[in-house]
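Thanks for coming. I will go through one structure, and I will keep to what can be computed from the atoms.

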Amino acid sequence: MSRVMPGPESRRARDAILGRLRAASIENPRAVPDVAAFYATRTALRPPDAASRVERFCAQMRGWRGEVVETSSSAWIAALAEVVSAKKLQHLLAGRDTWLAPQLGARFAADQLHWFDDSLPSFKLQLFERYDAGITTTRGAIAETGTLMIWPSIAEPRTLSLVPPVHIAVLQASRIVETFHDAIAGTGGADDWAGNLPSNALLVTGPSKTSDIQRVLAFGAHGPKELIVILIRDDLEAAA
Amino acid sequence: MNAPDTHTMTTSAGVRLHTTANEVPVNFVRPQDFKAKARAAVADPQLRENFRGAMDFLIDRRAAHFSDGDTFKQFRSMGEAIRQHALAHLPELLEQLEAKLTGLGVQVHFAENAADANRIFLAIAKAQRASIMVKGKSMVSEEIELNHAMAAEGVDCIETDLGEYILQLDGDRPSHIIMPAIHKTKQDIARIFEQRIPNAGYTEDVDELVRIGRETLREQFRDARIGVSGVNFMVAETGTLALVENEGNGRLCTSVPEVHIAITGIEKVIARFDHLLPLYALLTRSATGQAITTYLNLITGPRRAGEKDGPREMHLILLDNGRTQAYREEKFRATLQCIRCGACMNHCPVYTRVGGLSYGTTYPGPIGSIISPHLLGLKATRDLPTASSLCGACGEVCPVNIPIPDLLMKLREAARNDDDQLIAPLQGQASARAALEVATWRMWRLLYANAWIYRLFAYWAPRLRWLTPSNQAGWTRSRTPLIPARRSMRELLAQRRGE
């Protein structure tokens, strides 16, 4: 199939548009705004207690109607299985090549757990019809707004956290940062975003929703109707 | 390739039906008819109630996030700086963005106007042999009338944002840039679904209506070869397109179909990735009073080697359509700082009373009144800059500090005068100039510049007040007639001095 490339009309339009923009006089153009400095001045205003980050994340996420199941690094698979049975989720979809996969594979039977191995569009019909829940890892989370950071990948495609009606996301508490800026600046231990962006990077805050009908908030618009966070807290392990 | 998508859709109940998209003739309003439409809207109590309720709701939601005025001011000056920096370097940033995207495998097209943009859409649809496109919310696609241009060529462009979908089913248009179906009640929507979606039945239950919308559009997402989206911000540094949404339809449109076409205005580019953060924070809080939306979808190129989904082919269409005119003069350039949050319309006393549809433009309200003259020319839009009491609320709440009231004044001037100091005139400049108005102001100037004429006038006006007509054209439509006082101020003062 021939790909539509920008044609001669587009090139003419490009030159004309850029020409008109260049013809405009710009007096005293601003220096590059320093967003890092801006957020640095705001750090004084943030909650000082890093340990309460987990609580803030949980409270915010629950506020957006996301469920949070707090567990330990040895019990997470049992906690996840409990959610699956409580919600009667028959068909689960997950990525084969993730740190979750060995335990998922051991826990769930092959007729209940399926791996996202095939590419779209051949897998589309099955993807839209069959699965009750998609299970993904997360890159981390943001306490301030109760937000998950998700970078889809070869192992965990974009649609894994999008098409099944339930999204189960596994999050390590140690990867929760205070603000989005902490995450992209790498101060929270995450990598540099700008130099490293995948084809799709997502912030996800609660299940999908809409207020388009007379301002009434309704959940489950086009994305997942439910979002369940399996939160692995290392401190729970120590206490146990 | 796969079988081309079909022109019919199947509901989850298995009933086949013709696509509902674009069958209903669209309720078309021209900006020239603003005054008549506004009068009709003001006389419609239901419409006014819908808007008043919705705007109060949005005002309160926003206020809850900016209760601390200093935080708002700090973010706003950062947002303004980022947008002004981007505009000052616009040609270079567009070239950097184009190079970055091309390197990632994205086809970058430039379009002078709506016809150019639609031609590119059509060429891609033809190459894909696609008869359906699924579209996420995009005001620029409204600006180019994409749905109708595609329908004319047999391509169904299906709105998937719930609000936009409701309007498409009803042949209606968005009345607000963030909440497009804000002018409809749930009863209206229940009736539309009952009539337009087979087996939907009549229900006023909002969860049920949302479920019907979800089910009906599900297979369109699955089967469409082309997904269309707008863009909230483009990052020149990384070639990233940022999409802000709550429903997930934008993610579906940009993740499931084989081809993704994004369209936006040339002004939406910003220099650096971290510049996105303050703008995103300002956008969600100003628009719907949310600290954050459900999704921030950051797209950096099409599907990469080994990935199992995402579009294999990706296009970006950069539209001018009058934006370079606004860019040309420094005083109008601020118009392009806009991040399309809609706060100015939510806080506008005129918008709240006349509703978004009266304007007859893609962008209604205060921002629409300052951007539309560049997109459509001042001739068609000459009444819009006058649709303001100049109360200043729009400028006060603007998250990027656009001096909207000043720009409204400048456009009013430009609509009436061609002897402005503008280097190159605006399209349609001086088209609102009316002989009677010009003559009236000349008389006024004469009267107030010459003491003896003024004295003559002040003597005769009270004495001839019985001659004043009771019908004074536009003035008496909603006001009592202007009648000179029984005695002029000069006479009253003379009398007092005499006493």
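The buried residues of helix α22 in chain B pack against α23, residues 489–498 of chain B. This is a predicted model, so please hear every value that follows as computed from it. Helix α22 of chain B covers residues 451–463, which is 13 residues. From its first C-alpha to its last it reaches 19 Å, close to the 18 Å expected at 1.5 Å a residue.

Which residues of α22 in chain B are buried? They are B:A458, B:A461 and B:P462. These residues lie on the same side of α22 in chain B, because they cover an arc of only 80° around the axis.

Next, the cores. The largest nonpolar core has 138 residues. Those with the most contacts inside it are A:W193, A:L203, B:F121, B:M133, B:I226, B:L316 and B:I402. Helix α12 of chain B, residues 276–288, gives this core its largest share, 8 residues. Apart from that core lies another one, of 34 residues, among them A:L120, B:I132, B:L169 and B:I192. In soluble globular proteins, nonpolar side chains tend to be buried together.

Take B:M133 as one member of the largest core. Not counting residues up to four places away in sequence, B:M133 touches B:F121, B:A125, B:M150, B:V155, B:D156, B:C157, B:I158, B:I226 and B:V228. Two of the names in that list, B:F121 and B:I226, are also among the residues with the most contacts inside the core.

Now chain A as a whole. Chain A has 8 helices and 12 strands. Its C-alpha trace spans about 65 × 55 × 40 Å along the principal axes. Of the 240 residues in chain A, 53% are buried. Among contacts in chain A between residues at least 6 apart in sequence, 71% join residues at least 24 apart. The accessible surface of chain A comes to about 10,200 Å², and carbon and sulfur atoms account for 50% of that.

Where does A:T205 lie? A:T205 is in the loop between β9, residues 200–204, and β10, residues 209–210, of chain A. The relative accessible area of A:T205 is 0%, so this residue is buried; the cut-off is under 20%. The side chains of A:T205 and A:T147 are joined by a polar contact of 2.8 Å. Leaving out residues up to four places away in sequence, A:T205 touches A:W64, A:T145, A:G146 and A:T147, and in chain B it touches B:I292, B:T293 and B:T294.

A:T98 is in a loop of chain A as well, between β2 (92–94) and α5 (101–107). A:T98 has 15% relative accessibility and counts as buried. Its side chain reaches the backbone nitrogen of A:L100 at 3.1 Å. Beyond four places in sequence, A:T98 touches A:T137, A:A155 and A:E156.

B:T352 is buried, at a relative accessible area of 3%. The side chain of B:T352 reaches the backbone oxygen of B:C348 at 2.8 Å. How far apart in space are B:T352 and B:F51, C-alpha to C-alpha? The distance is 5.6 Å, for two residues 301 apart in sequence. Neighbours within four places aside, B:T352 is in contact with B:F51, B:R52, B:M55, B:M345 and B:N346.

Last, some backbone geometry. Most residues other than glycine have a negative phi, and most peptide bonds are trans. The bond joining A:L120 and A:P121 is cis, with omega about 5°. A:P121 sits in the loop between β3 (113–115) and α6 (124–129) of chain A.

Two residues other than glycine have a positive phi to mention. B:E145 has phi near 55°, and B:E145 is in the loop between α6 (139–143) and α7 (146–151) of chain B. B:A430 has phi near 65°, and its place is the loop between α20 (404–416) and α21 (435–449) of chain B. Is each of these buried or partly exposed? B:E145 is partly exposed, at 27% relative accessibility, whereas B:A430 is buried, at 12%.

How values were computed
Residues are numbered from 1 along each chain as its sequence is written. Chains are lettered from A and ligands numbered from 1 in the order in which they are written. This is a predicted model: local features need pLDDT of at least 70, side-chain atom pairs count only at pLDDT 80 or more; totals for chains, interfaces and linings use all residues. Side-chain values use heavy atoms; hydrogens and water are left out. Helices (H or I, at least four residues) and strands (E, at least two) are DSSP runs, numbered from the N terminus. The expected span of a helix is 1.5 Å times one less than its number of residues. Buried means under 20% relative accessible area, exposed over 50%, partly exposed in between (1.4 Å probe, protein chains only). The arc is that of the directions from the helix axis to the C-beta atoms. Contact means heavy atoms within 4.5 Å. A polar contact is a pair of N or O atoms within 3.5 Å; within protein, one must be able to donate a hydrogen and the other to accept it, and residues adjacent in sequence count only if both atoms are side-chain atoms. A nonpolar core is a set of buried Ala, Val, Leu, Ile, Met, Phe, Trp, Tyr and Cys residues joined through side-chain atoms within 4.5 Å. Accessible areas come from the Shrake-Rupley method with a 1.4 Å probe; for residues, only the protein chains shown count as cover.
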